[in-house]
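Let's take a walk through a protein model together.

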Amino acid sequence: MKNGYVYKKRVTTPYILIFPAVVFMAVFMAYPLLRVFVLSLQRNNPSKPYLNGFVGLGNFIELFHTSQFYQALANSFKWVILEVVLQLLFGMAIALLLNKKFKGRGLVRTLTFIPWALSGVLTAVIWSLIYNQHMGVLNDMLMRTGWIDKGIAWTGNRGVVFGAVALAELWRGIPFFAITLLAAMQNISGELYEAANVDGSNAFQKLLYITLPLLKETIVLTTLLRAVWEFNSVDLIYSLTGGGPAGMTTTLSMYIADQAIRTSNYGYGSSISVVSFLILSVFAIIYMKCTNFGKDS
């Protein structure tokens, strides 16, 4: 009898311990997600209550016949690919550097990680001052060196605004990869590199045949997480450009914010959110499958 009681307690204890977390997720994650799906099938606009009601797939039909949606979707894909690839490359280079022993390494590590600690709004304030057409440090440096004759409106010029905002986000995002990759590198046994040195391997060969294969799981996971975060990025873009000029920096998440918050068109905004959720879900499944994440290769 006692053994049966102990067994039952051992079986039920884990469920009791995770129950608060399950309730928390249900209240703060599952319900809002379900609510978005419900709203996507309705016309819900507090400013026009006489039009509210169930419309079925009406919001989605309207969405797929709107040119702004396709422009925002294209901007999102361009934004994610550019940011994730460059952040990974620069983050890997910095992690390799910081993994070596040199004088002042602790200070360099601290300075490298500072951008990651800043909020998107604060980052936007810093870069808006850098990009200021009349007193910005970037225009001042370029004019002093003779590259330009007059100040450029970096966040107001259609030809350069996307690159300007991407550079600001790149500065903020590189430390994420640097931190995670550096942590993974420190778990690699030094004996592997010593054996490679004995075999006469150069630095590139050690990177290609030791470091990168052992970092595969970390790279796959971090790129997936960062792709999702960048796809949903709003704060920096909203603070710097508001999605302008002429929609050049309006990503899908910015389009959601514009429709659901600025115009209070919650039903239509929810339909965009559902499409965004499905895109990310399909991408995550295909990406994990193609990279064999969690499997020995």
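This is a predicted model: local features need pLDDT of at least 70, side-chain atom pairs count only at pLDDT 80 or more; totals for chains, interfaces and linings use all residues.

Let's begin with what the record says. In an unreviewed entry, UniProt lists residues 73-287 as "domain: ABC transmembrane type-1". Over that stretch, residues 73-287, the chain is 74% helix and 0% strand. Its end C-alpha atoms sit 19 Å apart. The unreviewed UniProt entry also lists residues 15-38, 50-70, 76-98, 110-131 and 268-288 under "transmembrane region". Pick two of these and follow them along the chain. Residues 15-38 are 100% helix and 0% strand, with 30 Å between the end C-alpha atoms. Residues 76-98 are likewise 100% helix and 0% strand, and there the end C-alpha atoms are 32 Å apart.

Now for how some helices pack. Find helix α3, residues 67-98, and helix α7, residues 161-185: their axes come within 6 Å and cross at roughly 45°. What does that angle make them? Angles under 35 degrees count as roughly parallel and 65 to 115 as roughly perpendicular, so α3 and α7 are oblique to each other. The crossing of these two helices, α3 and α7, is right-handed. As for the residues in the contact of α3 with α7, 21 are nonpolar, four are polar and three are charged.

Stay with α7 and look for another partner, helix α10, which covers residues 216-231. The axes of α7 and α10 come within 10 Å, and they cross at roughly 155°. Angles over 145 degrees count as roughly antiparallel, so α7 is roughly antiparallel to α10. The crossing of α7 and α10 is right-handed.

Next, let's go looking for spaces. How much space lies in the largest pocket? About 460 Å³. Its lining has 18 residues, and those nearest the centre are M29, P32, L33, V36 and F277. Three helices each supply at least two residues of this lining: α1 (2-39), α12 (252-262) and α13 (266-291). Among these, α13 gives the largest share of the lining, with nine residues. What sort of residues are they? Sorted by class, the lining of the largest pocket has 13 nonpolar, five polar and no charged residues.

The second largest pocket has a volume of about 380 Å³. It is lined by 13 residues, and L96, N99, K100, Y193 and T211 are the closest to its centre. The elements giving two or more residues to this lining are α8 (190-198) and α9 (203-214). Of the elements, α9 gives the most, with four residues. Here the lining does include charge: the residues of the second largest pocket divide into six nonpolar, four polar and three charged.

How many cavities of 30 Å³ or more does the structure hold? One. The largest cavity has about 30 Å³ of space. You can find its lining by picking out W79, F162, V165, I237, T249 and T251. By class, that lining of the largest cavity is four nonpolar, two polar and no charged residues.

Then go to α10, which is roughly antiparallel to α7. After that, visit the largest pocket, where α13 gives nine residues of the lining, and the second largest pocket, where α9 gives four.

Key
Residues are numbered from 1 along each chain as its sequence is written. Side-chain values use heavy atoms; hydrogens and water are left out. On a 1 Å grid over the protein atoms alone, a cavity is a set of points where a 1.4 Å probe fits but cannot get out, and a pocket is an open set with protein on both sides within 12 Å along at least five of seven lines; lining residues have an atom within 4 Å of a point. Grid points are joined across faces, edges and corners, and a volume is the space filled by probe spheres set on the points. Ala, Val, Leu, Ile, Met, Phe, Trp, Tyr, Cys and Pro count as nonpolar, Asp, Glu, Lys and Arg as charged, and the others, Gly among them, as polar. Axes are lines fitted to C-alpha atoms, for helices over the stretch in contact, and angles run from 0 to 180 degrees between N-to-C directions. A crossing is left-handed if the near helix is turned anticlockwise from the far one by less than a right angle, and right-handed if clockwise. UniProt positions are given in the numbering used here, feature names are shortened, and annotations may be inferred rather than shown by experiment.
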